[in-house]
Structures are given as C-alpha cells and as structure tokens.
Amino acid sequence: MQGQETLESQVKAAIVRCLRMPIGPDDIQDDLPLFDEGLGLDSIDALELVLELQRSFGVVVSDEQMGQRVLRSVRTIVAFIESSRQVR
C-alpha cells in the first residue's frame, strides 16, 4: 500500500477485497452503514471482516458487542484502528 494512502481508503480496499464486493473502494462512503440499508453485509461477512482487520491492521475485535460498535461504518473501523494503535 502506498504511504500517502489514507487509513480510510485502506479499510475500504480491505472490505472490498476480503468480501469480493462487486464495487470499488471509492464507492463506499465513510459513514455508510455496513449492514442493513447500507452495504447489506450479514453475519458471515462480519466474521470475514473481523479476520481481515486482524490480518491487515493487527487489531482484534474480541466479542460480538465490540463488533457491533466497531463494524458500523468505515469511520468507526478507522477510529477503532487508530485508538488500538495509540494503546500499543
């Protein structure tokens, strides 16, 4: 990944890549809900996304409640990654 690429664009690319979505990363808005009326992801997608976040960004979503908070949108995922990096 290029150094100038934003964390938001990296997260979007990871979502599209791991879920093999038929859209481009630029088609995902930062505040678009990932589930329901937004991208329409389901629980299987959530599991795959949790694994991708761990692989690509080194963050761990430890339980379902945390997942519901973190996996709302690209913006909430980015905030989680940034706060996890500050803790280290």
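M21 is found in the loop that joins α1 (7-19) to α2, helices being DSSP runs of H or I with at least four residues, numbered from the N terminus. The model is predicted, and local features need pLDDT of at least 70. Residues are numbered from 1 along each chain.

**Exercise 1.** Determine whether M21 is buried or exposed, and which residues it contacts.

*Solution.* Step 1: buried means under 20% relative accessible area, exposed over 50% (1.4 Å probe, protein chains only). Step 2: M21 has 16% relative accessibility and therefore counts as buried. Step 3: beyond its neighbours within four places in sequence, M21 is in contact with I15, V16, L39 and L41, contact meaning heavy atoms within 4.5 Å. Step 4: the C-alpha atoms of M21 and L39 are 9.6 Å apart, although 18 residues separate them along the chain.

**Exercise 2.** Describe how α2 and α4 are oriented and which residues meet.

*Solution.* Step 1: the axes of α2 (residues 43-57) and α4 (residues 74-87), lines fitted to C-alpha atoms over the stretch in contact, come within 12 Å and cross at roughly 40°. Step 2: α2 and α4 are therefore oblique to each other, as angles under 35 degrees count as roughly parallel, over 145 as roughly antiparallel, 65 to 115 as roughly perpendicular and the rest as oblique. Step 3: L49, L53 and F57 in α2 meet I77, I81 and R85 in α4.

Terms used. This is a predicted model: local features need pLDDT of at least 70, side-chain atom pairs count only at pLDDT 80 or more; totals for chains, interfaces and linings use all residues. Side-chain values use heavy atoms; hydrogens and water are left out. Axes are lines fitted to C-alpha atoms, for helices over the stretch in contact, and angles run from 0 to 180 degrees between N-to-C directions. Helices (H or I, at least four residues) and strands (E, at least two) are DSSP runs, numbered from the N terminus.
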